[in-house]
Amino acid sequence: MASALCSTRITSVISSSTVRRRLPLVGAFCVLSLGLSNLCPALSSSLKTGCAQSLPFVPLLRSKFSTRSQANTIRMESSAGTVPSVVVYVTVPNRDAGKKLAQSIVKEKLAACVNIVPGIESVYQWQGEIQTDSEELLIIKTRDSLLDALTDHVKANHEYDVPEVISLPITGGSIPYLQWLKNSTRD
């Protein structure tokens, strides 16, 4: 009953000309719902009764987006031509410090790419007090084997006493990108 009611509401909302511009938002909701049910099977049974799951195009989206083994994507453990890789987060106090550090990291071939994300706000405890600072975030893609050298480089070239260096494994992705990552960094 709730599923039918929800579908009726969505149909009437989608048919409204003023809301058609918001259709990408509805699509994003559906994709997020599908992704959530694929990532967490325990929630899958409860999500199947939700309105996003009752829409007629859901099976098509699920078949298009739920498969991970496609020609241009891989899982790291079975890849040829790539190396174990990581994404590293480093915060910096401002744009100039971020650009300088990013350029030195890429110049030294310690990373293939560094994204600079402006406008983050960090809240943290330092020396017994809660601090709030505007910062920028460096997202660094590199080889796992270069993490120690990258950490040393950040420590030597960063103005913070204790710079953030956090590594997350890359478990898969685009083969051409991961090969480029390997070829753009030192051994």
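User: Which strand holds tryptophan 126?

Analyst: In this predicted model, tryptophan 126 belongs to strand E3, which covers residues 113-126.

User: And why does tryptophan 126 count as partly exposed?

Analyst: Its relative accessibility is 37%, and the partly exposed class lies between the limits of 20% for buried and 50% for exposed.

User: Let us turn to the inside. How many residues has the largest nonpolar core?

Analyst: That core contains 16 residues, and Val90, Ile105 and Ile140 have the most contacts inside it. Two or more residues come from each of strand E2 (85-92), helix H6 (95-107), strand E4 (129-143) and helix H7 (147-157).

User: What does isoleucine 105 touch?

Analyst: Leaving aside residues up to four places away in sequence, isoleucine 105 is in contact with Leu110, Ala111, Val114, Ile140, Leu150, His153 and Val154. Another core, of 7 residues, lies apart from the largest one; among its members are Leu137, Ile139, Leu178 and Leu181.

User: Now the whole chain: how many helices and strands are there?

Analyst: The protein chain has 8 helices and 6 strands. Their order from the N terminus is α-α-α-α-α-β-β-α-β-β-α-β-β-α.

User: What share of the residues is buried?

Analyst: Of the 187 residues, 31% are buried. The accessible surface of the chain is about 12100 Å², with 58% of that area belonging to carbon and sulfur atoms.

Definitions and conventions. Residues are numbered from 1 along each chain as its sequence is written. This is a predicted model: local features need pLDDT of at least 70, side-chain atom pairs count only at pLDDT 80 or more; totals for chains, interfaces and linings use all residues. Side-chain values use heavy atoms; hydrogens and water are left out. Helices (H or I, at least four residues) and strands (E, at least two) are DSSP runs, numbered from the N terminus. Buried means under 20% relative accessible area, exposed over 50%, partly exposed in between (1.4 Å probe, protein chains only). Accessible areas come from the Shrake-Rupley method with a 1.4 Å probe; for residues, only the protein chains shown count as cover. A nonpolar core is a set of buried Ala, Val, Leu, Ile, Met, Phe, Trp, Tyr and Cys residues joined through side-chain atoms within 4.5 Å. Contact means heavy atoms within 4.5 Å.
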